[in-house]
Amino acid sequence: MSSAPASDPQPSQPEPRPEAAPAPRPKRRLVFDDPLDQQSSDDTDRGWGERPASAGSAADLARFLDEKPPHHV
């Protein structure tokens, strides 16, 4: 037997650092604004499903095919 110390087969790894505690959430504040003063998505053409205006016959054909009634299939 040898008098040399036995070597560790796995290299020593530094211990993982403890995770920092998450920052506390700021408290919600009360807002007394009139909600009807704000614009909703329904107030815009985009909210009603309208597409932005585009030029070109390919865009017109795509819109026609998308908006075709089911009885025209």
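**Entry 1: a place to begin.** I started with Arg 51, which is partly exposed at 45% relative accessibility. I kept in mind that this is a predicted model. I then looked up where Arg 51 sits, and found it in the segment before α1.

**Entry 2: across to Arg 63.** Next I checked how far apart the C-alpha atoms of Arg 51 and Arg 63 are, and I noted 8.8 Å. Along the chain, 12 residues separate the two. Arg 63 has a relative accessible area of 40%, so I wrote it down as partly exposed.

**Entry 3: the pocket.** Which residues line the largest pocket? Arg 51 and Arg 63 are both in the lining, and I also listed Glu 50, Pro 52, Ala 53, Ser 54, Ala 59, Asp 60 and Ala 62. I sorted the lining by class and got 4 nonpolar, 1 polar and 4 charged residues. For the volume of this largest pocket I noted about 150 Å³.

**Entry 4: the salt bridge.** I looked up how many salt bridges the structure holds, and the count is 1. Arg 63 turned up again here, with Glu 67 as its partner. Their closest N and O atoms are 3.1 Å apart. Is Glu 67 buried or exposed? Its relative accessibility is 52%, and the cut-off for exposed is over 50%, so Glu 67 counts as exposed.

**Entry 5: the helix and a nonpolar patch.** Helix α1 covers residues 57-66, and Leu 65 lies in it. I found Leu 65 on the surface too, where it forms a nonpolar patch with Leu 61 and Phe 64. Together the three have about 310 Å² of accessible area.

**Entry 6: the whole protein.** How much of the protein is made up of buried residues? The share is 0% of the 73 residues. I also noted an accessible surface of about 8300 Å², with 54% of it belonging to carbon and sulfur atoms.

Key. Residues numbered from 1 in each chain as written. Predicted model: local features only at pLDDT ≥ 70, side-chain atom pairs only at ≥ 80, totals over all residues. Heavy atoms only, no water. Patch = residues over 30% accessible without salt bridge, like charges linked within 9 Å, V, L, I, M, F, W, Y side chains within 5 Å. Areas by Shrake-Rupley, 256 points an atom, 1.4 Å probe, with all protein chains shown as cover. Salt bridge = Lys/Arg side-chain N within 4 Å of Asp/Glu carboxyl O. Helix = DSSP H or I, 4+ residues; strand = E, 2+ residues; numbered from the N terminus. 1 Å grid on protein atoms, 1.4 Å probe; cavity = no way out; pocket = protein on both sides within 12 Å on 5 of 7 lines; lining within 4 Å. Points joined across faces, edges and corners; volume = space filled by probe spheres on them. Nonpolar A, V, L, I, M, F, W, Y, C, P; charged D, E, K, R; others polar. Buried < 20%, exposed > 50% of the residue type's maximum accessible area, 1.4 Å probe, protein only.
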